[in-house]
Amino acid sequence: MNKILVSSCLLGEPVRYDGSSKPLLHKLLTLWQQQGRIISFCPEVAGGLPIPRDAAEIVSDGSVLTVSGDDVTKEFELGAKKALSICTKNQIKFALLKEGSPSCGRNEIYDGSHQGVKVSGLGLTAKLLEENGIRVFSENQIESLYLKVI
Ligand code: SF4
């Protein structure tokens with residue numbers, strides 16, 4: 001049975017930059033949890049960043065800067081590499097990641113201005129997983145993921 005890597009915040013874990021979570025209440029996620037298929041992962045915490053932490057966005061040169069101007073690219077890259085490593089070790093081919101995040105965003109991210117402006121793009125973890133053959137879906141695409149993992 002296919003295991004699925006899931007953003008920890010979607011599972012109700014308070015790991016977001018502001019110490020909150022974004023629980024996804026969906027029957028499919030509940031089913032997959034009951035089946036033992038879910039592996040919870042937060043790339044930013046795995047990369048060594050604290051909770052809470054400053055909000056960060058990807059800027060035009062690809063680096064990741066906090067709202068205070070600190071460069072946290074290395075931490076984001078480390079989190080992405082650890083996510084890939086977990087997928088490789090557990091033969092995970094699918095991920096359900098939180099949309100809009102500079103790590104987990106699948107279709108949209110913020111534009112780097114810290115003004116709340118979204119643009120098309122992938123977060124660092126979502127991008128690295130996709131580049132390595134792991135299909136990434138956002139929480140808004142959970143039904144599409146279901147069709148792949150059944
Ligand atoms: S890095 Fe991903 S899992 Fe962690 S809080 Fe942000 S969106 Fe959620």
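Is Glu131 buried or exposed? I looked this up to start my notebook: Glu131 counts as exposed, at 52% relative accessibility. My cut-offs are under 20% relative accessible area for buried, over 50% for exposed and partly exposed in between, with a 1.4 Å probe and protein chains only.

**Ground rules.** I am reading a predicted model, where local features need pLDDT of at least 70, side-chain atom pairs count only at pLDDT 80 or more, and totals for chains, interfaces and linings use all residues. Residues are numbered from 1 along each chain as its sequence is written, and side-chain values use heavy atoms, with hydrogens and water left out.

**Salt bridges.** I found that the structure holds five salt bridges. The term asks for a side-chain nitrogen of Lys or Arg within 4 Å of a carboxyl oxygen of Asp or Glu.

I began with Glu131, whose side chain meets that of Lys127 in a salt bridge at 2.8 Å, N to O. Both residues sit in helix α4 (residues 124–131), four residues apart, about one turn of the helix. Helices (H or I, at least four residues) and strands (E, at least two) are DSSP runs, numbered from the N terminus. Lys127 is partly exposed, with a relative accessible area of 43%.

Next I turned to Glu44 and Arg53, which form a salt bridge with their closest N and O atoms 3.0 Å apart. Both of these residues are buried.

Then I looked at Lys98 and Glu139, a salt bridge whose closest N and O atoms are 2.9 Å apart. Lys98 lies in the loop between β5 and β6 and Glu139 in the loop between β8 (135–138) and α5 (142–149), so this pair ties together parts that are 41 residues apart in sequence. Lys98 is buried at 15% relative accessibility, and Glu139 is buried too, at 14%.

Glu99 has its place in the loop between β5 (94–97) and β6 (108–110). Leaving out residues up to four places away in sequence, I saw Glu99 touch several residues, among them Arg106, Ser138 and Glu139. Contact here means heavy atoms within 4.5 Å.

**Backbone notes.** Most residues other than glycine have a negative phi, and most peptide bonds are trans.

- Ile51 and Pro52 are joined by a cis peptide bond, with omega about -5°; Pro52 lies in the loop between α2 (43–46) and β3 (56–58).
- Gln91, which is not a glycine, has a positive phi near 55°. Gln91 lies in the loop between α3 and β5 and is exposed, with a relative accessible area of 65%.
- His114 also has a positive phi, about 55°, although it is not a glycine. I placed His114 in the loop between β6 and β7 (118–120), where His114 counts as partly exposed at 25% relative accessibility.

**Pro23.** Last, I checked Pro23, in the loop between β1 (4–7) and α1 (27–34). Pro23 is partly exposed, with a relative accessible area of 47%. Residues up to four places away in sequence aside, Pro23 touches Cys9, Leu10 and Gly12. From Pro23 to Ser68 I noted 45 residues in sequence and 27 Å in space, C-alpha to C-alpha.
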